[in-house]
Amino acid sequence: MAEFFFGKNLNDGFKLMILNTVLCFKTYCMAIKNRLKNQHLLWRAGFGPAVEQLEELEKYSPEQYYKALVKASDKKPEYINVASDDLKNIYEISLDAGRKKNLTAEDRKELNRLQRDAIKNLNLYWFKEMVTSSAQLREKMAFFWHGHFASRNNNVYYNQLLLQVFREHGLGSLRRLLKEVSHSASMLFFLNNQQNKKGHPNENFAREVMELFTLGRGNYTENDIKEAARAFTGWSANPNGSFVFRKGQHDDGSKTVLGKTGRLDGNDVLNILLDNRQAARFITQKIYRFFVNDKPDTTIVNSLADKFYKSDYNISKLMEDIFTSDWFYIDKNIGSHIKSPIELLVGIQRMIPMQLDNDNVMMNLQRILGQQLLFPPNVAGWPGGKSWIDSSTLMTRMRIPQMFADKDELNLTPKQDDDQMMGRKNDGTANVPTVGKKKAASAGMIIKAKMDWPQYISKLESVKREDLIPKIKQTLFQANTDVDKSLPGTIDASSRESYIKSVTIQLMSTPEYQLS
Amino acid sequence: MLIKRKEFLQLGSLATASLMFPKFLKAFESRALVPPGNKVVVVLQMSGGNDGLNTVIPVRNDIYYRLRPSLAIRKGQTAELTDDVSLHPELTAFKALYDEGNLAILNNVGYPNPDRSHFRSMDIWQSASQSNQYWNTGWVGRYLDAQCSGCAHPTQALEVDDVLSLALKGGTNNAIAVKDPKRLFGESNEKFFRDVSKNHRSDTHDDEKPVEYLYKTMAETLSSADYIFKQSRLHPSGAAYPNTELGKGLKTIASLIFSDINTKVYYISLGSFDTHVGQDAQQTKLFTQMNDAVKAFTDDLKTNGRMNDVLLFTFSEFGRRVAQNASNGTDHGTANNMFLISGGLKRKGILNVMPDLADLNEGDLKYKVDFKNVYATVLKNWLNADADLILGGHYDLLDFV
């Protein structure tokens, strides 16, 4: 190769030197490419690169890296149980026909408060899993399914059970996943299926399972919904959250759903829906928009959907097809995704691990930015993409890194949520705006974050000062930008450490950092 | 760009200007400057599901008293409108507006297949969808889309709040949420943000790219923050308002209405009206705040000659059940009433029949008027907008404006 470039007159030593340079250069290029691609992979198949991973990103190819991600997500997840003993006791009494009349109005209030508290803890527990777990792919899939099979419920046990379904079956078979979700107390109650009885159908569940979970609008008729609703009659759940089939309420007559006729039950209908190729297309397209690009590429989606259907809905296989393809790593797809509020907040904490003094800060930030875990807006989930961004959310997003770094005040009040709070404040008193100078309880909240900078700074140890900004840009951004030219005048250069900190915080406070 | 005269005086050295032509300046600030006929809507959202039956009270209805043994409000204790109808005792300013002919009450407003979740029902009201549709845009947001294609400031609609509601999110434009114009101005004026926005070279080949969308939103936010702040100082209301969130919010709205701002719709919320327990105390506190703030606001509008140009209306995501519950409260219901306040009402007073408590649907009021007919009327008759386009369907117009 060197001969081809330089002719035959060069001595061998020199040739070797040139060759080495070319190879070195190539290795260096490879490393840069690997890092960018692996960061892309980690943002999409997980919640972004963690500070501990920074060095290894250049060493492995994306295929190797994806294998490692899959392996880390292999293990069956441990069940998350945040319900306190107090809650358990009082909840059990409330379910016991004999003892429940002993509960006073105060006890019931206390039960509601404990449920609310537990749901908050479940939210924060799962959030922390997203930050710290090495099973990034599993948690990301669970996060996707939580938005796809979206439900809200004031009972923490139902929430825990459904979350476990997403974490355990999110990478398994869609047939199993759909069945587990459809048997979950959270979904059945959310969509009123306990009211769906023979002769008195409630079509809510039947409608959403077709419109939002499997086929999409326009791929079934109103009559299909009516008939499917009959098949789901009698599907309900016990107060402990386990599925129950109430035979007496079930309509076991003949029905016709999507052209299939028989004495169909709910499970038959779920299978009929998935036997329809449209279900594979609908779900694959949603996965593509969530994991790859908000603008679907029809050719790619169709070919993925074909394989997904042929594999009888093997989700792992579909995700492997996506994350090991060449097209996943092309420019068009890198840095093209607007991070959801959870992706943004988790992503910051993976890079700069931190401890927040006040749990309510994280809850309020989720609400202010429009994505509170366990509280999707409705059964259709979060719309995503550009809908995350308006003037208020964008300005808040860009101020968050500074709030964390400066022990700032969260001077914003989220909208009230009466489905959770029932007109009360956290302390149980009536929720009425305060009069005069007293600040509302949720506003003026001081953000105290203990940020673990040493780890992050140590990763930049060998970087020369003049190379720090380019290096930090590479770490934080997925697309080329010259946004750093606005840095002068806003950087604390008094020490190397404050320099790194302030550059990092400022670069996180940009439009570019909203993208992955 | 031409700076308007009033804005110019504001921006230039005020001290010099007022020393040189004090009377001239004063004359400029007089009410005649604001073009009359610039119609404005103020939406007051009563979050949490206000109990309409204890708001507009059927004081001669036996069923009302029978179903609410400890919660019903007695005839003598109320602000009386007619022999049959009274308002909650705190709503004295609303009664005064009624007596002056500046108030209308629309009963039995709701929608088919009502949902009893706060979140969902609020989404239905804010998006103006049917109850089995999930829309990601709101009716005011779509109004904004229609008004602001490629305009410099998407300020035709403003929400006085920290967080933007679905109601004000459009398909291509989002309204601005601003609780305090000065604070928004301060935050958006941070040097780094200004520089980042200024230094960005937009990719004109692909303004569909997410990064371009983010920079566009950022630039609009910064310029709108400037614009709103300057406008809010042009003719700040000097009237006394109650020291409550709603009082302060309505004062901000009044100051903007008196300026040259292009805002046509203002949106503000009060709550929580979710009175499952101890309703009387909670609703009374909220009504005191609402009554005092609305009184200050309408007095201010009258003083400044704008009462005929402003339409304020209230709504809540649902009403409450007719029967009280065991905790001296009420649970989630369905249809509800709305207040419509303006000097420009074509029909005033009680516009339609009070709820029929003898004809209930499993203990709930039946709706008679779809709220989307109200929106259509406001959009078409008050804002002169294409209601069919904005609401995604035709709704017959009512005749209150």
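This is a predicted model: local features need pLDDT of at least 70, side-chain atom pairs count only at pLDDT 80 or more; totals for chains, interfaces and linings use all residues.
Which residues are buried in α7(B)? Residues are numbered from 1 along each chain as its sequence is written, with chains lettered from A and ligands numbered from 1 in the order in which they are written.

Now the helix. In α7(B), the buried residues are W139(B), V140(B), G141(B), R142(B), Y143(B), L144(B), D145(B) and Q147(B). Buried means that 20 or more other C-beta atoms, placed from the backbone, lie within 10 Å of a residue's own. Helices (H or I, at least four residues) and strands (E, at least two) are DSSP runs, numbered from the N terminus. Eight of the nine residues of α7 (139–147) of chain B are buried, so this helix is largely enclosed by the rest of the structure. Its buried residues pack against α6, β6, β8, α13 and α14 of chain B.

Next, the interface. 50 residues of chain B are in contact with 46 residues of chain A. Contact means C-beta atoms, placed from the backbone, within 7 Å. On the chain B side, α10(B) gives the largest share, 10 residues.

Last, a sheet. Three strands of chain B form an open sheet in the order β2-β4-β3, with antiparallel pairing. Strands pair if DSSP finds at least two bridges between them. At the edges are β2 (56–58) and β3 (79–80) of chain B, each pairing on one side only. Two bridges join β3(B) to β4 (85–87) of chain B. There, E80(B) has S86(B) as its bridge partner.

Notes
Two residues are in contact if their C-beta atoms, placed from the backbone, lie within 7 Å. A residue is buried if 20 or more other C-beta atoms lie within 10 Å of its own, exposed if 12 or fewer, and partly exposed in between; C-beta atoms are placed from the backbone.
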